[in-house]
There are 2 protein chains.
Amino acid sequence: MAQPTLAVVGADRPVGTVMRELLSSRRNVWGEVRLVSLDPAAGVSLPCRGVDVPVSPVAPEIFDGVDVAIFDVPEPAAEYWAPVAVERGVTVVDGSAAFRMAPDVPLVVPEVNRQAVRRRPRGIVSGANCTTTSMLMAVAPLHHEYGLRELTLASYQAVSGAGQVGVDVLHDQISKLAGDRTLGSRPGDVRQAVGDDLGPFRAPMALNVVPWIGDLTDGGWSSEEREMRNESRKILGLPDLKVSATCVRVPVVTGHSIAVHAVFGAELSADEARKVLRNAPGVILVDDPEADEFPMPVDAVGTDPSWVGRIRRAMDDPRALDFFVTGDNMRKGSALNTVQIAELVAMESERR
Amino acid sequence: MAQPTLAVVGADRPVGTVMRELLSSRRNVWGEVRLVSLDPAAGVSLPCRGVDVPVSPVAPEIFDGVDVAIFDVPEPAAEYWAPVAVERGVTVVDGSAAFRMAPDVPLVVPEVNRQAVRRRPRGIVSGANCTTTSMLMAVAPLHHEYGLRELTLASYQAVSGAGQVGVDVLHDQISKLAGDRTLGSRPGDVRQAVGDDLGPFRAPMALNVVPWIGDLTDGGWSSEEREMRNESRKILGLPDLKVSATCVRVPVVTGHSIAVHAVFGAELSADEARKVLRNAPGVILVDDPEADEFPMPVDAVGTDPSWVGRIRRAMDDPRALDFFVTGDNMRKGSALNTVQIAELVAMESERR
């Protein structure tokens, strides 16, 4: 079979930019790669695999002859254009939340549930929430050994999760604060210095943490917190898993971190967990506090794996483990995971 | 009885500065207030209660005639000078970790266990860890109604917890980063921009989160995490309470936050919890996400209470509650709690 044709929908967006970088650096499984934009005025060329590729505005006929399309666009655009592409014979891999919880759409993290990609009655495969993906990279291999029962999660999420506008707002706020060494110690001083431009956030991001990401859902849960629970259950195939998450935005540009408290069905030691994680695909173990080795955004940014460390057996429960995970939300959290799923689909078609 | 004499040991330090502010603004229960410094060259005057008070270098005779001494000094200095003061008839209220876990020293958060202040065989009363104090302000009233069984905690701790040098380092790093809007997206760029001056921290604090506070103890736990467990157990009088904490430093100047997952012995709703917390002393309820009301450092800084919000009943356990707490680590976290304990001691002596 000839090498399949790929369309990158949203190629001019931040995650699309990382997708193009990944396509340029990974083992090449694609024949033609088409770059597609939601912007009707698109028409520039963007670099991909070492050459400049023209960017086409999205339209039904752009999908003719495409085998796989990877989507990084807002939910409403995904909801509209994914079925259009499927109609033209394309398998869509969507990074948005549009289809994640649909029962006839598999939700995939390749290292965790690659087999799920095969059954896709709607022609759509979804990638998971960026925080969930990085966290499950560490949790899933432990689950397979010890049987996961319960997750309690608290996140430290970067502003790039809110798009380029989130990054710009944090940098703007930092510029406004810089130089005044008294800020952050008196009532209201940070709000006053930052001013009214909060961008996509509900409060200042510089010198602050904001315990809110997404929209309000029942019971006071944010949509982000609800996604972490529901998507973890679906990907792990554990419909009764107990999950509580608190999602918090922090003044970091890229790199989502998660403090994980995981309760298993069997006892386990920190050393046993380290052994499992040392051999887990897509995981890098950084767990030597005396040598200042623990997962952090400054180190994880721009890298593919989930960084895992601070592994401790709970002091009061031999079946529970505490640890800390950091992953690049632009890579494994979104672009990388989507590209990996597309490669899986391509390889699997080849095998048939 | 004449108004008692107070000594403020460490009056020239950051927490001591807040102590002097509090003494100037709270109902006055003190006669003479003596300001004491560890610095042998001390001799300047510092403002307290509207007048400039001379600062004396610490010496045994400085404690003669003192009724209560509040200490904000490093542990070794507390270990040395507290017994010297007690020897001279002083009741010492110590904010450091030096005596917190000693069985013959009460560990007190006045709103939680004020009665514990009465039994102090060594003449010393300890204030708790700043993160523990803010968190327990919310947890204790719920415990009294529903019977606490288990706490899973993740903290978002400000750099002022590491002293003025921590604040200075964060401001320095922000100045170095400001203006370069590309930073935080590429491997190593933040480490390079920040340079080698990490101050008291193990890694850059600007545009980063650092999952390490304190020293290494058994099992990979940091001393801060171990303190949160052991001090919670002692203050609540629950020696078997299950506690897991992950303590993380974030780029915030002042205001420690904690994501709390609390399991109780009885079922409870978010509304019932709100009702309890609305009437709890030293707690302010900020729980309306649609109006952008949730606890945050930018709002809690410079205020006395613990700000509590994001209250949700766990989706998968009717006996568990998730919520978020922010408190000013310089006030209720340390200076305010110490001053309150000293006032308790003074009132109680008066009553005798």
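Visitor: How many Å separate the centres of domain 1 of chain A and domain 2 of chain A, taken over C-alpha atoms?

Guide: This is a predicted model, in which local features need pLDDT of at least 70, side-chain atom pairs count only at pLDDT 80 or more, and totals for chains, interfaces and linings use all residues. Residues are numbered from 1 along each chain as its sequence is written, chains are lettered from A and ligands numbered from 1 in the order in which they are written, and side-chain values use heavy atoms, with hydrogens and water left out. Domain bounds come from an automatic or database domain assignment, which here gives domain 1 (6-128 + 334-351) and domain 2 (132-163 + 202-329) of chain A; their centres, over C-alpha atoms, are 26 Å apart.

Visitor: What area do domain 1 of chain A and domain 2 of chain A bury between them?

Guide: Buried area is the accessible area (1.4 Å probe) that two parts lose on being put together, summed over both. Here the two domains of chain A bury about 1,300 Å², 64% of it on carbon and sulfur atoms. On the domain 1 side, M101(A), E111(A) and V112(A) lose the most area to domain 2, together 37% of what that side buries.

Visitor: How many salt bridges does the rule find across the interface of domain 1 of chain A and domain 2 of chain A?

Guide: A salt bridge requires a side-chain nitrogen of Lys or Arg within 4 Å of a carboxyl oxygen of Asp or Glu, and the rule finds two across this interface. E227(A) also forms a salt bridge with R100(A), whose closest N and O atoms are 3.1 Å apart.
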